Amino acid sequence: MKRLIAFALILALLLGGCGSSGPEDLTKAFQPSPDREVNSIGYGPVIADFGIRLLEQTMEPGENTLLSPLSIITALSMTANGADGETLRQMEDVLGADLGQLNPILGAIQERSGQETVMANSIWIKDTPTLAVSDSFLQTNADWYGAGIFREPFDDATLGKINRWVEENTDGQIKDILDRIDPDAVMYLVNGLSFDAKWECPYEGHQVFDRSFTTENGEKRTVSMMYSEEGQYLKTEKASGFLKYYEGRRYAFAALLPEEGTTVVELVRSLDGAVLREVLTDPQEITVHAAIPKFETGSEAELKDVLTE
């Protein structure tokens with residue numbers, strides 16, 4: 001089972017002037033402070049609620065949508081560290097918490113990246129005398145997000161470097177996050193997140209059969225279905241489902257099936273972060289006879305209009 005996503009956020013801002021010194025890797029100049037204190041307490045509902053609200057705004061009936069709320073909230077929080085006043089207030093309102101909470105929470109998640117989950121962040125600054133970037137902004141993002149920092153001319157060579165960085169930090173699964181450098185862009189903040197893990201109890205050949213599967217609109221398709229018995233039952237007001245653990249039990253796959261007569265959109269609208277978190281962290285120990293179709297899915301989304309809304 002593998003899930004991957006990368007997210008790039010363009011900042012097209014022109015700031016005050018300063019001198020430039022050519023292409024440069026500034027990462028060593030901005031190392032995480034040993035005095036910072038990460039804290040992951042309470043992160044679940046915040047990220048879950050942000051994810052549900054984002055999913056509700058981006059999903060289309062009858063279409064598959066794949067989002068990583070963690071990836072997106074990380075990139076936006078990095079950006080918010082450069083905001084102030086009303087802009088910062090609005091960003092924190094969308095994110096669901098202030099930076100005093102988000103930075104330590106996301107810093108803790110960053111530190112817990114390991115064998116299954118790899119998260120990497122970077123900041124790419126245009127090498128131009130018309131741009132000044134605050135050292136405190138760069139240091140804050142190094143402290144909490146371990147961000148690599150690069151000053152580049154924003155030409156074709158920079159395009160290749162950004163895409164190679166993304167490829168290297170998503171286990172080679174995402175090769176081209178950008179197809180061009182926007183002429184108005186002066187900074188790119190990029191988050192790369194990959195998840196790759198084996199099932200605790202892998203599906204065997206005798207557990208896979210071709211069966212009829214009914215889509216939300218009532219269409220029937222013959223697909224390969226994977227059958228298993230799981231021991232963790234999930235229940236909400238409008239859905240039921242199960243957890244299936246990955247090897248080591250640090251992570252689990254959660255599936256929720258809407259009740260008869262409930263659409264996926266209606267299910268999402270019935271949830272919030274606190275409810276979803278409670279369901280996922282308090283499963284019932286009941287045997288579930290599960291069948292899910294083998295599937296691959298991916299999404300590409302422009303979030304500017306969604307975030308503006």
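Reader: How many aromatic pairs does the count come to?
Author: The count comes to 8 aromatic pairs, where rings of Phe, Tyr and Trp (its six-membered ring) pair if their centres lie within 6.5 Å, and planes under 30 degrees apart count as stacked, over 60 as edge-to-face and the rest as tilted. In the pair of F154 and Y188, the centres are 5.5 Å apart and the planes stand at 50°, so this pair is tilted. Please note that this is a predicted model, in which local features need pLDDT of at least 70, side-chain atom pairs count only at pLDDT 80 or more, and totals for chains, interfaces and linings use all residues. Residues are numbered from 1 along each chain as its sequence is written, and side-chain values use heavy atoms, with hydrogens and water left out.

Reader: And F154 and Y188, are they buried or exposed?
Author: Both F154 and Y188 are buried, where buried means under 20% relative accessible area, exposed over 50% and partly exposed in between (1.4 Å probe, protein chains only).

Reader: Which rings link into a cluster?
Author: Ring pairs join F195, W199, Y203, Y246, Y251 and F253 into a cluster.

Reader: Switching to F209, how accessible is that one?
Author: F209 has a relative accessible area of 34% and is therefore partly exposed, and Y227, with 28%, is partly exposed as well.
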